[in-house]
Amino acid sequence: MIEIDWLAFLEVFAAALAASLLVVGFYAIAVRLLVRAGRVPVAPPAEFTDAITIITEKEAKRAEKAAAKAARKSPLTDGQKMLAQYGAYASFGMCGVAVLAGIALIVLGR
């Protein structure tokens, strides 16, 4: 007969939920701070063989132009922009720390 340790199951569930919330939360904060710093992340269109292109070159140029316009209209001073940028880097770093902590828990066990 198979017995399930429900307490261990709940511990793993809670740890996975907390880790995913941390990673997604810090990532969202980092992207928001990058935008506030005037460094809007714009991805160029990907070229795949035998696949549908997500956005056209024209749409990519339009997005870059809108990002540049938003950066020019930012009400923040240069010091505030720099602080927001460093905060974004710190948030991305916290995402990495959360992922490494999860890997360490898996490899090293309890």
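This is a predicted model: local features need pLDDT of at least 70, side-chain atom pairs count only at pLDDT 80 or more; totals for chains, interfaces and linings use all residues.
Local features require pLDDT of at least 70, side-chain atom pairs count only at pLDDT 80 or more, and totals for chains, interfaces and linings use all residues. Residues are numbered from 1 along each chain as its sequence is written, and side-chain values use heavy atoms, without hydrogens and water.

The chain holds 3 helices and 0 strands. Its elements run α-α-α from the N terminus. Helices (H or I, at least four residues) and strands (E, at least two) are DSSP runs, numbered from the N terminus. Among contacts (heavy atoms within 4.5 Å) with a separation of 6 or more, 69% join residues 24 or more positions apart.

Of the 110 residues, 14% are buried. Buried means under 20% relative accessible area, exposed over 50%, and partly exposed in between (1.4 Å probe, protein chains only). The chain exposes about 8,900 Å². Carbon and sulfur atoms supply 69% of that area. Areas follow the Shrake-Rupley method with a 1.4 Å probe; for residues, only the protein chains shown count as cover.

Like charges are joined within 9 Å, and nonpolar side chains (Val, Leu, Ile, Met, Phe, Trp, Tyr) within 5 Å.

A nonpolar surface patch comprises Ile2, Ile4, Trp6, Phe9, Leu10, Phe13, Leu17 and Leu21. Together these residues have about 940 Å² of accessible area. Phe13 belongs to helix H1 (residues 6-36).

Lys65, Lys69, Arg72 and Lys73 form a positive surface patch. Lys and Arg count as positive and Asp and Glu as negative; His and the chain ends are not counted. Each charge is placed at NZ of Lys, CZ of Arg, CG of Asp or CD of Glu. Arg72 lies in helix H2 (residues 57-72). Arg72 is exposed, at 64% relative accessible area.

How values were computed. Patches are made of residues with over 30% relative accessible area and no salt bridge: like charges are joined within 9 Å, nonpolar side chains (Val, Leu, Ile, Met, Phe, Trp, Tyr) within 5 Å. A salt bridge is a side-chain nitrogen of Lys or Arg within 4 Å of a carboxyl oxygen of Asp or Glu.
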